[in-house]
Amino acid sequence: MQKFLTDMHTHTTFSHDGQDKIETMLETAREKGLTFYGVSDHFDFDYDLFQMRDEEIEQIKNADPADYFHGARHAQEDYEGVLNVCVGAEFGYSDKAEVQQKYLQTYEKFRPDFVINSVHCGDGKDFCRHTFTEEKGTTYRMYLGLIRRSLDAPYPYDIVGHIGYIARYVLYEDRSFALEEFGEEIDDILKTIIKKGKILEVNSASKMKDTATLPSENIVRRYYELGGRKVSFGSDAHFKERVADKREEVVDMLKRIGFTHITVPFRGEHIQVEL
């Protein structure tokens, strides 16, 4: 029986941290037999508010949206009939109205096939570049509060990306999001995702030994218990070797929990792909 393989969260050199060109990533996806492949390069307009040195700003500056969508749409056409290429975007989040407006304007101008809603920063801090000195409960509740507010963003989005992202970078001995400690906040987020009809991403780039995915299995299981059935798989690949990385491990986990399908967003439609 043919497998319909998906990977909806990947990056190219249009992103500040991407290492391979879109052509290389797409050819790798084709070689690995993927059916649906999402290109979701970064748009982090909240970075524009940060007080950073010039060299730091240069390192994380956003790609030109027109260049990205022009190149990605051409690649999409080139692979028509070979690979279902979904040209998306990964939007960051900020509470600032002017930043939210910039995301909305970008969406309306370029009409990506799908949008991943991700929280990478808070209070002027890029989580992957900041050392948190506050106790874990304070830091994690700040982060979970940002995610909850991001769900009410005034621009369209489809997927809620890598819940637990901050745990990749904190220095706490125990980096887990225990339901016993953060269950109230996590339940509020998961129930809101379900109510709004959004898709929970299961991201295989956890970068941690004690959990293979973001969010961790206990949170994905809780989502299922609450009635959530829309999940997507994302490798978060920034170079070709990680395309579809750990996909089978994630699929096994989803089946163990009870999921039967992956959800692929494309131009307002949520396509159900059997696991």
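E77 is exposed, with a relative accessible area of 52%. Exposed means over 50% relative accessible area, buried under 20% and partly exposed in between (1.4 Å probe, protein chains only). The model is predicted: local features need pLDDT of at least 70, side-chain atom pairs count only at pLDDT 80 or more, and totals for chains, interfaces and linings use all residues. Residues are numbered from 1 along each chain as its sequence is written, and side-chain values use heavy atoms, with hydrogens and water left out.

E77 sits in helix α3, residues 65–78. Helices (H or I, at least four residues) and strands (E, at least two) are DSSP runs, numbered from the N terminus.

| Residue | Relative accessible area | State |
|---|---|---|
| E77 | 52% | exposed |
| F36 | 13% | buried |
| H162 | 1% | buried |

F36 belongs to strand β2, residues 34–43. Contact means heavy atoms within 4.5 Å. Leaving out residues up to four places away in sequence, F36 touches L5, T6, D7, M8, N84, V264, I271 and V273. F36 and P65 are 29 residues apart in sequence and 23 Å apart in space, C-alpha to C-alpha.

H162 lies in the loop between β7 (159–160) and α6 (179–196). Not counting residues up to four places away in sequence, its contacts include H9, E90, H120, R168, E201 and D236.
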